[in-house]
Amino acid sequence: MNRELLQHLIRASGRMALFIGIAVAILVGVRQWVEPKIEAAHQAELLASLTELLPPDSYDNDLLHDTSTITAPNLLGTGKPVTLYRARKQGKPVAVLFEAVAPEGYSGPIRLLIGIRADGHLLGVRVLEHRETPGLGDKIEKSKTDWVDSFVGRQLTPTNESQWAVKKDGGMFDQFTGATITPRAVVKAVKKALIFFNRNREKLWN
Ligand SMILES: Cc1cc2nc3c(=O)[nH]c(=O)nc-3n(C[C@H](O)[C@H](O)[C@H](O)COP(=O)(O)O)c2cc1C
């Protein structure tokens, strides 16, 4: 290889390396700028859902900072640590709210927020994120139908355990016309969250 060609190749590689370096720096910068915004949006969405489930006069502590974390992949549907938001009034446990994942949605995992009163009855459930089909599975969204309100006030006991299913499977919850998979997945996830609560209720506010 002659000297000129070699110098040309070295200069071209240098320019290429510089270009790649700049591109990587831009990507890292954009990511660092976007990630906190996504996290902040998630927090805002979570806070809106928390306050939707929990009447403001029912607690007097700083809910967002009275938290603990727990990992329970089998019952909460995620291997990641889950934050428990603990509501108290005059120091006494009122409710606990936490995310759970329904892994068996029609189009993948469905993120849920579940609120349970200290006595084991459900405050309510909200769908935080899903990819179910519009007009079919998306009826789990509170903005689309009231289906999710069918959980309010319910609890899981040894005598009603078999009722925790959609009607098509012999349970007490409606399915949707032409869409059983989505509500079935949500009912199963809420039931598991209640099993988690019943097993750990003594420890949750400590
Ligand atoms: C394009 C398409 C999208 C669908 N989306 C959903 C959905 O989001 N949720 C759901 O439960 N079923 C959905 N279904 C229907 C399911 O395949 C299934 O037939 C339905 O849940 C009824 O289940 P079942 O036969 O156990 O009652 C969809 C079907 C098609 C063809």
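Modeller: The expected span of a helix is 1.5 Å times one less than its number of residues. Helices (H or I, at least four residues) and strands (E, at least two) are DSSP runs, numbered from the N terminus. The model is predicted: local features require pLDDT of at least 70 and side-chain atom pairs pLDDT 80 or more, whereas totals for chains, interfaces and linings use all residues. Residues are numbered from 1 along each chain as its sequence is written.

The 20 residues of α3 should span 28 Å at 1.5 Å a residue, and its end C-alpha atoms, 29 Å apart, agree with this. Because 14 of these 20 residues are buried (20 or more other C-beta atoms within 10 Å of their own, C-beta atoms being placed from the backbone), α3 is largely enclosed by the rest of the structure.

The sheet is open, with 5 strands in the order β1-β2-β3-β4-β5 and antiparallel pairing; two strands pair if DSSP finds at least two bridges between them. Its edge strands, β1 (67-70) and β5 (122-129), each pair on one side only. Strand β4 (residues 110-117) pairs with β5 over 6 bridges in the antiparallel sense, and L112 stands opposite V127 in β5. Helix α3 (residues 181-200) packs on this sheet, touching β3, β4 and β5, and its direction makes about 40 degrees with that of β4. Contact here requires C-beta atoms, placed from the backbone, within 7 Å; axes are lines fitted to C-alpha atoms, for helices over the stretch in contact, and angles run from 0 to 180 degrees between N-to-C directions.

How values were computed. Contact = placed C-beta atoms within 7 Å. Buried ≥ 20, exposed ≤ 12 C-beta atoms within 10 Å, placed from the backbone.
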